[in-house]
Amino acid sequence: MSNTPMAANPLTRAVLEIDEYASGLGWDQPARLFALVDTARLRNQEPALAAQLGLEDESPAAGLTPIEQDEIPAGSPLDEFLGTIAWPDAVVGCALTVERLMLPPSAESQVPEGLGEKKLAKWVAEHPDRQEVRMTVAVLRDGARESALRLREKDSATEVLTGPDLVPGLAEALSATFED
């Protein structure tokens with residue numbers, strides 16, 4: 001039984017379920033990609049798979065089931081990898097969980113001018129106000145979005161921040177995987 005809070009929105013529930021799963025794996029994990037499928041359709045069309053996933057006893061209104069995909073290739077830039085994805089029709093959405101370093105907005109004025117990508121990453125990694133964050137972002141084919149953010153220093157299910165516009169760039173990249 002999941003400890004995921006019951007959210008009214010199936011997409012929010014899926015994002016929180018993925019966040020809980022990623023939390024159970026600990027920190028310093030690679031990015032993970034998930035297909036989101038309609039649970040009722042999965043039970044109906046793939047009963048053996050639904051049983052394997054423990055979904056046969058789920059309520060009919062269970063919503064979305066996240067299915068983890070193969071590991072994202074190491075060393076491949078995330079945006080380039082996402083550009084190679086094409087989903088079958090049975091996939092109604094997708095989600096990604098990834099860990100990053102972030103700085104508070106107050107640190108923006110401190111960023112040195114003219115840093116390249118590698119030097120900027122090094123500067124952020126050495127900044128005293130940096131925070132490690134796990135971002136879980138999900139999108140549906142219809143354009144719906146949801147995100148969950150968990151700070152390493154506040155690693156608790158009660159401290160997870162959710163909202164549709166928390167990581168807009170990543171949501172855009174995931175939405176692009178559904179474009180023809």
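Student: How many nonpolar, polar and charged residues does the lining of the second largest pocket have?

Tutor: This is a predicted model, in which local features need pLDDT of at least 70 and side-chain atom pairs count only at pLDDT 80 or more, while totals for chains, interfaces and linings use all residues. Residues are numbered from 1 along each chain as its sequence is written, and side-chain values use heavy atoms, with hydrogens and water left out. Ala, Val, Leu, Ile, Met, Phe, Trp, Tyr, Cys and Pro count as nonpolar, Asp, Glu, Lys and Arg as charged, and the others, Gly among them, as polar. The lining of the second largest pocket, which includes Leu-78, Arg-100, Glu-117 and Val-124, has 6 nonpolar, no polar and 3 charged residues.

Student: Which element gives the most to the lining of the second largest pocket?

Tutor: On a 1 Å grid over the protein atoms alone, a pocket is an open set of points with protein on both sides within 12 Å along at least five of seven lines, a cavity is a set where a 1.4 Å probe fits but cannot get out, and lining residues have an atom within 4 Å of a point. The lining comprises Pro-77, Leu-78, Arg-100, Leu-101, Glu-117, Lys-118, Leu-120, Ala-121 and Val-124. The elements giving two or more of these residues are β3 (91-102) and α5 (117-126), where helices (H or I, at least four residues) and strands (E, at least two) are DSSP runs numbered from the N terminus. With 5 residues, the element that gives the most is α5.

Student: What is the volume of the largest cavity?

Tutor: The structure holds 1 cavity of 30 Å³ or more. Among the residues that line the largest cavity are Ala-22, Gln-29, Thr-97 and Arg-134, and its largest share, 3 residues, comes from β3. A volume is the space filled by probe spheres set on grid points, which are joined across faces, edges and corners. For the largest cavity that volume is about 50 Å³.

Student: Why is β1 described as largely enclosed by the rest of the structure?

Tutor: The criterion is burial: buried means under 20% relative accessible area, exposed over 50%, and partly exposed in between (1.4 Å probe, protein chains only). β1 is largely enclosed because the number of its 7 residues that are buried is 6.

Student: Which strands pair with β1 in the antiparallel sense?

Tutor: Two strands pair if DSSP finds at least two bridges between them. Over 5 bridges, β1 pairs with β2 (residues 64-68), and Val-37 stands opposite Thr-65 there. Bridge partners in β3 include Leu-96 for Leu-33 and Gly-93 for Leu-36.

Student: Is Thr-65 buried or exposed?

Tutor: Thr-65 lies in strand β2. Contact means heavy atoms within 4.5 Å, and, leaving aside neighbours within four places in sequence, Thr-65 is in contact with residues including Ala-35, Val-37, Leu-42 and Leu-55. At 7% relative accessibility, Thr-65 is buried.

Student: How many bridges join β3 to β4?

Tutor: The two strands run antiparallel. Within the pairing, Val-98 stands opposite Met-135 in β4. The number of bridges is 10.

Student: What is the relative accessible area of Leu-103?

Tutor: Leu-103 has its place in the loop between β3 and α5. Not counting residues up to four places away in sequence, Leu-103 touches Trp-123, Val-124, His-127, Asp-129 and Arg-130. Leu-103 is partly exposed, and the relative accessible area is 22%.

Student: Which value is phi of Asp-28 near?

Tutor: Asp-28 is found in the loop between α1 and β1 and is exposed, with a relative accessible area of 55%. Most residues other than glycine have a negative phi. Phi of Asp-28 is positive, near 60°.
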